[in-house]
Amino acid sequence: MQKLVIQGGKRLEGELVVHGAKNSALPLLAATILSQTETTLHNCPELSDVDAACRILSYLGCKCSREGPSVTVDTSGLINFDVPDSLMREMRSSIVFLGAIMGRLGKCRLSFPGGCELGPRPIDLHLSALRKLGVEIHEEHGYLDCDAPKGLKGGKITLSFPSVGATENIMLAAATAKGDTEIHNAAREPEIMDLAEFLNKCGAKISGAGESTIYISGVEKLSGCYHSVVPDRIVTTTYLCCGAITRGELIISRANYSNVASIVPLLEHMGCQIYAYGEGNIYIKARKNLKAVPTVRTMPYPGFPTDAQALIMALCSTVDGTSVFVENIFENRYKHVNELIRLGASIKVEGRVAIVEGVKKLSGASLEATDLRGGASLVVAGLFAEGTTSITNIYHIDRGYESLEKNLRQIGANIKRIN
Ligand code: EPZ
């Protein structure tokens, strides 16, 4: 089993390059199924979740090949419409293949995606929306048998919660449905806009992505295209936190400043100087004495992202003052707290609320990553903690971060991966 070992206390200085967004690459890879000809995704990150998505595509009969940061998908060999349980369980977001397979083949069989470290991950919003587009779904023994005997037809859908995955599944199923679809209370994440841009390049007719109402006019068929995956805004946030917690000075390149607009004011309030310059560069410099942010509430985009909660919490553990976190999106997203406490952090959790009292010092300890962003928060905190911090179960981190320890080493961190 691999682990990361960090000797903390080093001030980080230098440049970090942000890779393409995991949460965009995954729906985009599913979306390639809709294209009758070859698609190439540039800036597609090398992550275990991306590998898992490519394994699903290969199982379905598509050909996936990677050349450095580019992944090419040829769907001419598409023959299967079922995704085996073993592949579905590799990552929770594989449910987004449902909309794509239905859009291309009109039938699909897959198992309920596994729950995950963040608590149960229901798909009721996905299923009720797809039913409105003419999909007949039979749920039995943990499997979903989906069919559209009369083909997919457009419809008007209002989501009770702006679910990212449900919005993506509807877009994928509606792109080649007969007639028009409206999605009300749609998710507004940048990854939704990236998916709409990709689908339109393939010949779809989608407008309003990034707003609360998305309009889709179904088209006959889609053809492949070239598309560059949007930069990962949570990796950008992670790097900003690494710079801030070590009171360092960083340049983060190939980033998208507007996609971290809800994070920057918090870091500035704490005492960081941050600005964007040139093409996709972000500068951050943290003063020695940082102060707490009053309250951090996770919200759907453009609010403060739930995926950044653990990262900002690690930083808040080391600043002067008390911060209050309210996790409104997932019911079990504080599993990193006990691990941060092992480093000496002072955090109290009561339901969805976590109270973080900054401490002057953290001391290295042996930790276990509990989930993707929680694991990343332990790396952030370990960079600050005096002495040695080791982190096991780093397969969680490898799901969403491309060569994290290599990148951090290049800017002065003493961090290595050992078997
Ligand atoms: C996406 O998950 C992201 N994953 C998550 O990132 C992110 O935390 C989340 O959006 C919120 O921004 C990918 O894009 C692959 P949701 P998703 O549907 O689509 C409830 C990471 O760390 N819900 O917006 O699953 C659900 O239980 C991951 O990169 C229903 O009740 O998120 C949750 O409480 C973690 N019924 C809330 O909505 C449904 O049918 C948000 O879920 C669907 C969701």
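**Pockets, domains and helix packing in the predicted model**

Helix α1 contributes the most to the lining of the largest pocket, supplying four residues. The structure is a predicted model, in which local features need pLDDT of at least 70 and side-chain atom pairs count only at pLDDT 80 or more, while totals for chains, interfaces and linings use all residues. Residues are numbered from 1 along each chain as its sequence is written, and side-chain values use heavy atoms, with hydrogens and water left out. Helices (H or I, at least four residues) and strands (E, at least two) are DSSP runs numbered from the N terminus.

The chain is divided into domain 1 (3–18 + 231–418) and domain 2 (22–228), with bounds from an automatic or database domain assignment. The centres of the two domains, taken over C-alpha atoms, are separated by 30 Å. In contact across the domains (heavy atoms within 4.5 Å) are 24 residues of domain 1 and 18 residues of domain 2.

The volume of the largest pocket is about 1,200 Å³. Its lining consists of 48 residues, and R92, L118, R121, V164 and F330 are the closest to its centre. A pocket is an open set of points on a 1 Å grid over the protein atoms alone, where a 1.4 Å probe fits, with protein on both sides within 12 Å along at least five of seven lines; lining residues have an atom within 4 Å of a point. Volume is the space filled by probe spheres set on the points, which are joined across faces, edges and corners. Domain 1 and domain 2 both give residues to the lining of the largest pocket, so this pocket lies between them. At least two lining residues come from each of α1, α5 (124–132), α6 and α12 (372–384). By class, the lining of the largest pocket holds 21 nonpolar, nine polar and 18 charged residues; Ala, Val, Leu, Ile, Met, Phe, Trp, Tyr, Cys and Pro count as nonpolar, Asp, Glu, Lys and Arg as charged, and the others, Gly among them, as polar.

Of the 19 residues that line the second largest pocket, I245, R247, K288, K360 and F384 lie nearest its centre. Seven nonpolar, four polar and eight charged residues make up this lining. R247 is placed in the loop between α8 (233–245) and β15 (249–253). The phi angle of R247 is near 55 degrees, a positive value in a residue other than glycine.

Two helix pairs were examined. Helix α1 (residues 22–31) packs against helix α2 (residues 48–60) at an angle of about 5 degrees, and their axes are 10 Å apart. That angle makes α1 roughly parallel to α2 (angles under 35 degrees; over 145 is roughly antiparallel, 65 to 115 roughly perpendicular and the rest oblique). K22, A25, L26 and L29 of α1 meet D49, V50, A53, C54 and L57 of α2. This contact of α1 with α2 includes seven nonpolar, no polar and two charged residues.

Helix α4 (residues 96–105) and helix α6 (residues 164–174) pack at about 10 degrees, with 7 Å between their axes. These two helices, α4 and α6, are therefore roughly parallel to each other. On α4 the contact is made by V96, L98, G99, A100 and G103, and on α6 by E168, N169, L172 and A173. Five nonpolar, three polar and one charged residues form the contact of α4 with α6. Axes are lines fitted to C-alpha atoms, for helices over the stretch in contact, and angles run from 0 to 180 degrees between N-to-C directions.

Backbone features also occur in other loops. N43 has phi near 55 degrees, a positive value in a residue other than glycine. The loop that holds N43 runs between β3 (39–42) and α2. The peptide bond from Y301 to P302 is cis, with omega near 10 degrees, and P302 belongs to the loop between β18 (295–297) and α10 (309–316).
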